[in-house]
Amino acid sequence: FRRVLFRSARVQAYHAADASPVAPARLALVLEQPDQLSNLRMRLLPSLQVLRSPWAVLSIWAAHQTDGEVDLSRLDFATPEDVLVLRSEWDVQVLLLPPGVASFAQALLGGSALGDAAELAMREVADFDLSQALALLLRFRAVADLTMNTLE
């Protein structure tokens, strides 16, 4: 069942609506207002999906992406893995997420402000690293738009 979800997420990411990542100038403008960052809303790419599994779905899939013999002896199938799936240009990327980033990204996908999404992730993982989560989203150009909600 999880394998079908993983494959489906990759197909959906590939066929998702196109969207351009946020322009660096727009990002710089928003970062000039650090006191407002908790109110920042990040619209993520339409192709972005988060998969949370109680099993090592990405590790198992990655082990099978070779032409040679598959060695699963070192894999712990019962290791939970959170995976980010998104399309960058024409390539579908699958990334193993650090602890807490799945909750953070899901909250952003649901429309939560940056501060609320970070709080949710910190409730799940006490040492959640917000800067690491943001760096990951920006490195993979997963942010489509930024808006400030100053009414909160």
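Helix α4 passes helix α6 in a right-handed crossing. Helices here are DSSP runs of H or I with at least four residues, strands are runs of E with at least two, and both are numbered from the N terminus.

Before going on, some housekeeping. This is a predicted model, in which local features need pLDDT of at least 70 and side-chain atom pairs count only at pLDDT 80 or more, while totals for chains, interfaces and linings use all residues. Residues are numbered from 1 along each chain as its sequence is written, and side-chain values use heavy atoms, with hydrogens and water left out.

Back to the two helices. The axes of α4 and α6 come within 10 Å and cross at roughly 60 degrees. An axis is a line fitted to C-alpha atoms, for helices over the stretch in contact, and the angle runs from 0 to 180 degrees between N-to-C directions. α4 and α6 are therefore oblique to each other. For the wording, under 35 degrees is roughly parallel, over 145 roughly antiparallel, 65 to 115 roughly perpendicular, and the rest oblique.

Which residues of α4 and α6 meet? On the α4 side they are Val101, Phe104 and Leu108, and on the α6 side Leu130, Ala133, Leu134 and Leu137. Contact means heavy atoms within 4.5 Å. By class, that contact has 7 nonpolar residues, no polar and no charged ones. Nonpolar covers Ala, Val, Leu, Ile, Met, Phe, Trp, Tyr, Cys and Pro; charged covers Asp, Glu, Lys and Arg; the others, Gly among them, are polar.

Now the other partner. α4, residues 101–109, packs against α5, residues 114–124, at an angle of about 150 degrees, with the axes 8 Å apart. That makes α4 roughly antiparallel to α5. The crossing of α4 and α5 is right-handed. From α4, the contact takes in Ser103, Phe104, Ala107 and Leu108; from α5 it takes in Leu114, Ala117, Ala118, Leu120, Ala121 and Glu124. These residues divide into 8 nonpolar, 1 polar and 1 charged.

How much of α4 is buried? The helix is mostly covered, with 7 of its 9 residues buried. Buried means under 20% relative accessible area, exposed means over 50%, and partly exposed is in between, using a 1.4 Å probe and protein chains only. The buried ones are Val101, Ala102, Ser103, Phe104, Ala105, Ala107 and Leu108. They pack against β1, β2 (49–53), β3, α5 and α6. After α4 comes glycine 111, whose phi is positive, near 100 degrees.

Let me step back to the whole chain. It has 6 helices and 5 strands, running α-α-β-β-α-β-β-α-α-α-β from the N terminus on. Of its 152 residues, 36% count as buried. Among contacts with a separation of 6 or more, 75% are between residues 24 or more positions apart.

Next, the core. In soluble globular proteins, nonpolar side chains tend to be buried together. A nonpolar core here is a set of buried Ala, Val, Leu, Ile, Met, Phe, Trp, Tyr and Cys residues joined through side-chain atoms within 4.5 Å. The largest one holds 31 residues, and Met42, Leu48, Leu84, Phe104, Phe128 and Leu137 touch the most other members. Two or more residues each come from β1 (40–44), β3 (81–88), α4, α5, α6 (130–139) and β5 (143–148). α4 gives the most, with 6 residues. Apart from this core lies another, of 7 residues, among them Leu51, Val57, Leu58 and Val94.

What does methionine 42 contact? Leaving aside neighbours within four places in sequence, methionine 42 is in contact with Leu108, Leu114, Leu134, Val143, Asp145 and Leu146.

Valine 125 lies between α5 and α6 and is buried, with a relative accessible area of 13%. Not counting residues up to four places away, valine 125 touches Pro99 and Gly100. Its C-alpha is 9.4 Å from that of serine 103, 22 residues away in sequence.

Arginine 141 sits in the loop between α6 and β5. Its phi is near 50 degrees, a positive value in a residue other than glycine. Arginine 141 counts as partly exposed, at 46% relative accessibility.

Note on methods. Left-handed = near helix turned anticlockwise from the far one by under 90°.
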